[in-house]
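Subject: Handover of a structure

Dear colleague,

Please find the structure below, together with its sequence. I would be grateful if you kept it open while reading the notes that come after it.

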Amino acid sequence: MTLPSHAEIVVIGGGIIGCSTAYHLARDHKADVVLLEQGTLTSGSTWHAAGLVGQLRSSASITRVLKYSVDLYKGLEAETGLATGWKMTGCLRLATNQDRWTEFRRLATTARSFGMDMHLVSPEDVKKMWPLMNVDDLVGASWLPTDGQASPSDITQSLAKGARLHGAKIVENVRVTGFEMKDGRIVAVKTTLGDIACEKVVNCAGQWARQVGAMAGINVPLQPVKHQYIITEKIDGLSTDAPTIRDPDRRTYFKEEVGGLVMGGYEPNPQPWTTGDVPDEWAFRLFDDDFDHFEQHMTQAIERVPALEKAGVKQMINGPESFTPDGNFILGVAPECKNMFVGAGFNAFGIASGGGAGWVLAQWVVDGEAPLDLWAGDIRRVSDMHRDRQWVLHRTLEAYGKHYAIAFPHEEYQSGRPRIVSPLYERLKARGAVFGSKLGWERPNWFAPEGEAPRDIYSMGRQNWFAAVGEEHRHVREAVGLFDQSSFAKYEITGPDALKALDWICANDVAKSAGRLTYTQLLNSRGGIEADLTVARLSDTTFYIVTGTGFRTHDLGWIADHLPEGLDVTLRDVTEDFGTLSLMGPRARDVLAAATDADVGNAAFPFAHVREIVIAGHVVRALRVTYVGELGWELHMPIAAAGDVFDTLMTAGAPSGIRPVGYRALESLRLEKGYRAWGADITPNDTPFDAGLGWAVKLRKNTDFLGRRALEAVRGEPRRKAFAGFTVDDPDIVLVGRETILRNGEPVGYLTSGGYGYTLGRNIGYGYVRRVDGLDGDFLRGGDYELVVAMERTPAKIHFEPLYDPSGARVRG
Ligand SMILES: Cc1cc2nc3c(=O)[nH]c(=O)nc-3n(C[C@H](O)[C@H](O)[C@H](O)COP(=O)(O)OP(=O)(O)OC[C@H]3O[C@@H](n4cnc5c(N)ncnc54)[C@H](O)[C@@H]3O)c2cc1C
């Protein structure tokens, strides 16, 4: 087949993801799309996948994506005439110990929060559903009846046929060899059969996506890892509609296939493939069988299904799959090249994701923004650190090895650390800091008191740091604490049109005089919240923006992408230029006054202002803001000065009892104040009205801004969801998020974040109460609320005001 000389959109890769994306681009958007495959369709990772299709993830939106896949696979044959092999067998997950059982109770609650009917069943029930299984060691199992299995190649061929039916062109045996670039954008795709001029490119090249991305200068941090399973001969007594099994405590999974079993697993000692380029010639290829490495799975599986011992192994599959450092896929527009979109890194759930990933990616390609909150899989969650192949390798292998490990709350990765440390690292370590890592930065989570080992001991209940964090929390409420927040992402926007640009991008009014701060959201065209940050006006033409550590690439990319054309403005990432120390607590002013000659009294330096002050001979940008609900300042100094400023504050603060405080106390403090966390409480799915942040939107001003039209359109409509706080008195309850909210016994939403408020002495959760027919204050106040926590109902109180210092007097004092 000859290539067209031009296509609006070129999709690279004919695996399940590329075919699904092309199908949705053609079906939903009538796009002019051509898909290029270097071999033949499915010849990469797709053809050898086992075909288990699970749906539940910890993100509601990603779960929705996976549910969409199932709905699509069910109905695709009717449209294309090609079967997908979809069988809704249901899935059993087995628990053999109490921690795993608690995890499943929480998982089942999450599933119900997301509208899926997951049950918990007894070992006897499991035996009835799967008679060949040994259930002696089981505590129980979770049962999700709507999960199933499908034939990866058949689905892909069916999607490809559907794509063609809707007008897409698919060309096989053509390799993409490079891109013609102009002004940082791709203008043509170079191939072994000639060039195609195009407007947009979608990189669905599977394990080759890293090197295809590199041809356009973009980073796709994935690592091919060998993954093995066996297919057995027929096993007597195995039903053809046997549920799929996940046996995480034995690290294995099972699926029925033509009367035999597919069995594979996730070993703690995974085998990476190349850290160089993946060879071009790899169509339909596998690695040699590695029974030695696989034996660990075989031993475990035989104990679970004794009939396996005598079953003949028909085939062993040892194939490469792309895994990523955090176990989530990589989706969306590349920050380095505005017209390359990526759908790759599917961590052995690409078949389960395929349908839905193609749907959202196609929408993203057409609209230029994600259609829902896909943050967990967004390519903008990575940073320059992810260009380091060795770092990606080690972290990815750790994530693979943990695939079936019990997911304890607050667990931290260990590999590739420390990567980025602030100048205070050694000082804080000497004071007992226990660090976590965020986008490479080591950050103190808490400080172990004298005599206590500085390390986390994970458990499903209250963990070993609980009391120590309580002390840190109280210290901030009653005296003063110092947080090292040097990892904050920071940008500067400068130039004669800087204000004009920010006026368009920010929902709140940043057109204030120099020296003022604004807390604002950045909205997408649907009015959904894409970022939540502070903008400080340093001069008429200079603005300083501070946002969360993990959002560095995302927020910078969002701002850069939405700067209106033709404005004279420069955007710069200055994260590493500045260290940040947050001095917070009722005695913060005493400490600051002792450390600087500047007037830090309330009249000279009110809340929401920024001033340059001098501490220890260094010029410091002092921002009077707070994320803990107390009097305080964020102090931004040249990073090399962070040590001096820290030492000076610690000395000046000694009479006030100053001490360093960590991120876990910060979380507890912010929960009491009801400050929203982006990515959890506020996401692209939520408008400021939904989130109770309408006060931070400049609708009364006559300035147009991104998202305004969408907000105006919904302003007069009934509200369908409302953000609220919940408290639970039972001290034994542990809230981790995603617990179901019941109103008068009926589910109305789920928690977006949860934790413990030490000043309140109660558990705190936040979430949206939802009602399709609309809701108002009477509805919200007029119900009795409960939370479902790990499948148990517990009474809860609803709140609409901050739980701590609702008037904000302490912040402004
Ligand atoms: C052993 C094993 C078992 C698995 N089991 C399951 C399972 O049970 N359930 C599940 O959901 N997932 C499973 N997976 C994962 C699943 O196979 C993958 O996630 C999925 O196939 C990825 O699809 P893809 O389209 O991203 O990649 P691929 O199928 O690899 O497709 C990428 C395509 O891009 C093409 N390409 C690359 N470079 C170029 C270029 N320069 N020009 C043109 N074309 C190019 C390649 O030839 C390839 O065909 C398993 C994986 C393995 C290895």
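The notes below describe helices, sheets, the ligand and a few single residues.

The model is predicted: local features need pLDDT of at least 70, side-chain atom pairs count only at pLDDT 80 or more, and totals for chains, interfaces and linings use all residues. Residues are numbered from 1 along each chain as its sequence is written, and side-chain values use heavy atoms, with hydrogens and water left out.

Helices α1 and α2

Helices (H or I, at least four residues) and strands (E, at least two) are DSSP runs, numbered from the N terminus. The axes of α1 (residues 16-29) and α2 (residues 60-80) come within 14 Å and cross at roughly 70 degrees. Axes here are lines fitted to C-alpha atoms, for helices over the stretch in contact, and angles run from 0 to 180 degrees between N-to-C directions. The two helices α1 and α2 are therefore roughly perpendicular to each other, a term for angles of 65 to 115 degrees (under 35 is roughly parallel, over 145 roughly antiparallel, and the rest oblique). On the α1 side, the contact (heavy atoms within 4.5 Å) is made by I16, Y23, H24 and R27; on the α2 side, by Y68, L72, Y73, L76 and E79. The residues of this contact divide into six nonpolar, one polar and two charged. In this scheme Ala, Val, Leu, Ile, Met, Phe, Trp, Tyr, Cys and Pro count as nonpolar, Asp, Glu, Lys and Arg as charged, and the others, Gly among them, as polar.

The ligand

There are 37 residues around the ligand, of which E37, S45, T46, E321 and A352 come nearest; a residue is near if one of its heavy atoms lies within 4 Å. An oxygen atom of the ligand is 3.2 Å from a polar backbone atom of I16. For I17, a backbone N or O atom lies 3.1 Å from a ligand oxygen, and for G44 a polar backbone atom is 3.4 Å from one.

Two sheets

Strands of a sheet pair through backbone hydrogen bonds, either parallel or antiparallel. Two strands count as paired if DSSP finds at least two bridges between them.

An open sheet of five strands has the order β24-β25-β26-β23-β27, with antiparallel pairing. Its edge strands, β24 (517-523) and β27 (570-573), each pair on one side only. The twist averages 30 degrees from one strand to the next. Helix α13 (residues 552-562) packs on this sheet, touching β23 (489-494), β24, β25, β26 and β27, and its direction makes about 20 degrees with that of β23. Strands β25 (residues 529-539) and β26 (residues 542-547) pair over five bridges, and A536 has Y544 in β26 as its bridge partner.

A closed barrel of six strands runs β33-β36-β35-β34-β37-β38, also with antiparallel pairing. Within it, β34 (residues 740-743) pairs with β37 (residues 785-789) over four bridges, and T740 stands opposite V788 in β37. Helix α16 (residues 663-673) lies across β35 (746-757) and β36 (762-775), at about 130 degrees to β35.

Single residues

In the loop between α9 (389-401) and α10 (425-430) is P418, and the peptide bond from R417 to P418 is cis, with omega near -10 degrees. H410 lies in the loop between α9 and α10 and has a positive phi, near 70 degrees, in a residue other than glycine.

Yours sincerely

Notes
Polar contact = N/O pair within 3.5 Å; in protein donor to acceptor, adjacent residues only side chain to side chain.
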